[in-house]
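Here is a short report for a reader who is meeting this structure for the first time. Look over the sequence and the model, then read on.

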Amino acid sequence: MMEMLLRDDAATQRLGRDIGGVLTGGDVVALRGTLGAGKTTLVRGIAAALGIDDLASPSFGLVHEHLRPAGGRFMHVDAWRLHAPQDMLELGWDEWAAATDTMVCVEWADRLGEPAAGLWQSLHVLDIELAHAAGGRVVTLHWAGDSRLASLAASGETP
Ligand SMILES: Nc1ncnc2c1ncn2[C@@H]1O[C@H](COP(=O)(O)OP(=O)(O)OP(=O)(O)O)[C@@H](O)[C@H]1O
Ligand SMILES: [Mg+2]
């Protein structure tokens, strides 16, 4: 587990770019946090690191598929309007979550179960929780047994 203070929008984007720099095909990122916590800002940073600059606001659809210039897909999902994991399965979740050339970022991951439960339970997920805090946002990262988590330590300030 790792906790960081992000003082402004630019800090959130910078962490996103650093995360994008360590992701590989097959990775799944779950973003949790209340309204306006910075989920989309972080995904924009991740996407930018992957060479994707035309990220649509996910509110205009549940799932956006992008092709990474280096190859493979980047799926940006907004689960805000979903009510149950079943809704995600109907959109094709099993196929993308299992594809080794595909990276998936899910905003409002809470809608699909607590960490390690629901749709997440058989997956190795980078779990990111963002919260409003004095001085910006606090982000908490969990990536069970993944050494890439330590490589992100320099990407933010200690709260
Ligand atoms: N670390 C930060 N400190 C202060 N403001 C921030 C920080 N990160 C992002 N913001 C700002 O917070 C606002 C909300 O960000 P964003 O849209 O990314 O949140 P969200 O969690 O996706 O919101 P929603 O729940 O509506 O989808 C934006 O104005 C963004 O610039
Ligand atoms: Mg958002």
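Glu-107 is buried, yet it has no salt bridge. Buried means under 20% relative accessible area, exposed over 50%, and partly exposed in between (1.4 Å probe, protein chains only). A salt bridge needs a side-chain nitrogen of Lys or Arg within 4 Å of a carboxyl oxygen of Asp or Glu. For Glu-107, the nearest side chain of opposite charge is Lys-39, 5.1 Å away. Lys and Arg count as positive, Asp and Glu as negative; His and the chain ends are not counted.

Where does Glu-107 lie? Its place is strand S5, residues 102–107. Helices (H or I, at least four residues) and strands (E, at least two) are DSSP runs, numbered from the N terminus. The Glu-107 side chain makes a polar contact with the side chain of Thr-40, at 2.7 Å. Such a contact is a pair of N or O atoms within 3.5 Å; within protein, one must be able to donate a hydrogen and the other to accept it, and residues adjacent in sequence count only if both atoms are side-chain atoms.

## How to read the values

This is a predicted model: local features need pLDDT of at least 70, side-chain atom pairs count only at pLDDT 80 or more, and totals for chains, interfaces and linings use all residues. Residues are numbered from 1 along each chain as its sequence is written, chains are lettered from A and ligands numbered from 1 in the order in which they are written, and side-chain values use heavy atoms, with hydrogens and water left out.

## Around ligand 1

Of the 17 residues around ligand 1, Asp-9, Thr-12, Lys-39, Thr-40 and Thr-41 come nearest. A residue is near a molecule if one of its heavy atoms lies within 4 Å of it. The side chain of Asp-9 has an N or O atom 2.4 Å from an oxygen atom of ligand 1. For Thr-12, a side-chain N or O atom is 2.8 Å from a nitrogen atom of the ligand. Arg-137 places a polar side-chain atom 2.9 Å from a ligand oxygen.

Taken alone, ligand 1 exposes 640 Å², and the protein buries 69% of that. These areas come from the Shrake-Rupley method with a 1.4 Å probe; for residues, only the protein chains shown count as cover. Helix H1 (9–22), helix H2 (39–49) and strand S7 (136–142) each give two or more residues to the shell. H2 gives the most, with 3 residues.

## Salt bridges across the chain

Side chains of opposite charge can pair when their charged atoms come close. How many salt bridges are there? The count comes to 5. In one, Asp-27 pairs with Arg-148, with the closest N and O atoms 2.8 Å apart. Asp-27 lies in the loop between H1 and strand S2 (28–32) and Arg-148 in helix H5, so the pair ties together parts 121 residues apart in sequence. Both residues are buried. Asp-27, Asp-146 and Arg-148 are linked in a network of salt bridges.

Glu-157 forms a salt bridge with Arg-7, at 2.9 Å between the closest N and O atoms. Glu-157 sits in the segment after helix H5 (148–151), and Arg-7 in the loop between strand S1 (2–6) and H1, 150 residues away.

## Two loop residues

Trp-108 is in the loop between S5 and strand S6 (125–133). Ala-116 is also placed between S5 and S6. Trp-108 counts as buried because its relative accessibility is 12%. Ala-116 is exposed, at 62%.
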